[in-house]
Amino acid sequence: AALFLYQFTIGVYMPCEGLVRSFYLPKDSVCSVMTMLRVVVNTAVAVGVYATNYLESGTVFGILSAGMVVAAVLQLTLVGRADWVVIGKRLVGAGASKEMPMEKKIE
């Protein structure tokens, strides 16, 4: 059950990461910033794997799941009200309309 919870939280976390990336990271530095973030995630996973030597697997997956939920919530708090309106319009049916770009321009 803990493994399924962990997989579910990864399914929630990844779209949040993509959403934040599309709004806030400049296109010319996306690769380097995302690589650094992946190092943090891979370190957390390595610590989790090492922790299975001392804790039960279910407990470790539960701890990692809680961390992923916290990270997803914190990422979603970065998205402003106007951005949620744009996202909502795209989800409801605007599709890939040219009037509503998914990315904000950084001025």
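What percentage of the 107 residues of the chain count as buried?

Modeller: The model is a predicted one, and 24% of the 107 residues of its chain count as buried. The chain contains four helices and zero strands, and its pattern along the sequence reads α-α-α-α. Its accessible surface comes to about 7,700 Å², and carbon and sulfur atoms account for 70% of that area.

In soluble globular proteins, nonpolar side chains tend to be buried together. The largest nonpolar core here consists of six residues: Tyr 6, Tyr 13, Ala 51, Val 60, Leu 64 and Met 68. Helix H1, which spans 2–24, and helix H3, which spans 57–76, each supply at least two residues of this core. The helix that gives the most to the core is H3, with three residues.

Apart from neighbours within four places in sequence, Leu 64 is in contact with Tyr 6, Ala 44 and Gly 48.

Ser 65 also lies in helix H3. Ser 65 has a relative accessible area of 2%, which is under 20%, and therefore counts as buried. When residues up to four places away in sequence are not counted, Ser 65 touches Ala 2, Leu 5, Tyr 6 and Thr 9.

Conventions
Residues numbered from 1 in each chain as written. Predicted model: local features only at pLDDT ≥ 70, side-chain atom pairs only at ≥ 80, totals over all residues. Heavy atoms only, no water. Core = buried A, V, L, I, M, F, W, Y, C linked by side-chain atoms within 4.5 Å. Buried < 20%, exposed > 50% of the residue type's maximum accessible area, 1.4 Å probe, protein only. Contact = heavy atoms within 4.5 Å. Areas by Shrake-Rupley, 256 points an atom, 1.4 Å probe, with all protein chains shown as cover.
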